[in-house]
Amino acid sequence: MSDWLKLEALEMGREIAAGRIDPVELAEAHLDAAEAHPVGRLAYARLTPGRARAEAEAARGRARAGTGRGPLDGVPLSWKDLFDSAGVATEAGSALLKGRVPERDAEVLASASAAGTVCLGKTHMSELAFSGLGLNPMTATPPCVNDEGAVAGGSSSGAAASVAFGLAAGAVGSDTGGSVRVPAAWNDLVGLKTTSGTLPMGGVVPLCPRFDTLGPLAHSVADAAAIRAAMSGRPAPSLDGADLSGTRIMVLETVALDDLEGPAAEGFERALAALERAGATLVRGRIEAVAEAMPLSRTLFAGEAYGVWKEAIEADPDAMFGEILARFRAGRHASAVEFVAAWRRLEELRGAYAQASAGVDAVALPTCPIMPPDRARLESDADYYAETNLATLRNTRIGNLMGLPGLTLPTGVPSAGLLLQTPPRTEGRLLRLGAAAERALA
């Protein structure tokens, strides 16, 4: 059964449907691994063995009757601890929400359960999802699969660790400024940021509602597409025949290529060469709207986040990790006038970005300009924490500001990801391009 933990999610689903894997035994194997593995307690805030066994028993019955609900029926997934789960604590990595037990599942969890997936448990995360590093001294800090002295990336840190260390077949996270894509990249996974509004947010603990998005972390593009489909209750796009021949991909030179660490640059150049060999035409270009949008981040992200959480934070600020508290409080000086003006300008810049990228099929950039930083230094050096967090989220934040879906792929260089972005609400196109790019990179 230990070999089962190495399978991709869709492979597990096929084996279940063929009667070669028992979903109950599969769930037990994952639960046992999460309990026994030293990273298990760092990845999972809490396991849900009762739910997992009940869902796996139901999947077993459907498999035996030939009435499976889809390609992931019986497949075990982990869920970031900001998705409400009925009768199980959902605390978003924060003591401010300690003991919060919702009465019903988040809409996307309910949809995925209806598709037959098995909920293994809730994963650790950066406090209230407001950091790209994954460091959380208040709960737990999962390690990076490539360097156990480094952080896993955040805020979906436990989500990435659960998949990378073989403790879940796939994971569901959220992405407000990079929180799916960064941990996916640093742990050599596929991570999909969806367009805001394309997946229902009911029952998801918010950070910045106008930027919050949801998405899967997985071992392959096909798995990511299948998990997104289960979350939405709609079929996954066909990836058959996906090909890069004749595609035009813009290499974004504005901001995204500045100050790259060596492995990030190496992985990106390796990926670009693979795309060209597979038939893509690369065009290098600047989009000045990106550079103008970046300084708006402080007002837009911190202003909204503090507006959402001010009351809870100021009622008990000592319950928070100091660096996260400082990041929230950075938004308290954003006036309503500044916030509205910033959003109006951002909408104009989104239009300019769309116009500048209209002639290409996708825009490519390194997922993250830096490598996973050392946990101990982040804990001991506040200035380093702040600087590194901003650097970590710099490239991914472009997609959030511009309202784009984004897909990060492993490049073959450890912890260095390739990020592809397409226009809003074109996840199907993005996943097909990603599947073709994935084959090229392999």
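Alanine 129 is buried, at 6% relative accessible area (buried is under 20%, exposed over 50%, partly exposed in between, with a 1.4 Å probe and protein chains only). Its phi is positive, about 70°, although alanine 129 is not a glycine. The residue sits in the loop between strand E3 (118–123) and strand E4 (143–144); helices (H or I, at least four residues) and strands (E, at least two) are DSSP runs, numbered from the N terminus.

Arginine 425 also is not a glycine and has a positive phi, about 65°. With 56% relative accessibility, arginine 425 counts as exposed. Its loop runs between strand E13 (417–421) and helix H16 (427–441).

## Basis of the model

The model is predicted: local features need pLDDT of at least 70, side-chain atom pairs count only at pLDDT 80 or more, and totals for chains, interfaces and linings use all residues. Residues are numbered from 1 along each chain as its sequence is written, and side-chain values use heavy atoms, with hydrogens and water left out.

## A cis peptide bond

Glycine 154 and serine 155 are joined by a cis peptide bond, with omega about 5°. Serine 155 lies in the loop between strand E5 (147–151) and helix H6 (157–164).

## Helix H13

The buried residues of H13 are Ala342, Trp343, Leu346, Leu349 and Tyr353. They lie on the same side of H13, because they cover an arc of only 130° around the axis (taken from the directions from the helix axis to the C-beta atoms). Val337, Arg344 and Gln355 are exposed on the face turned away from the buried side.
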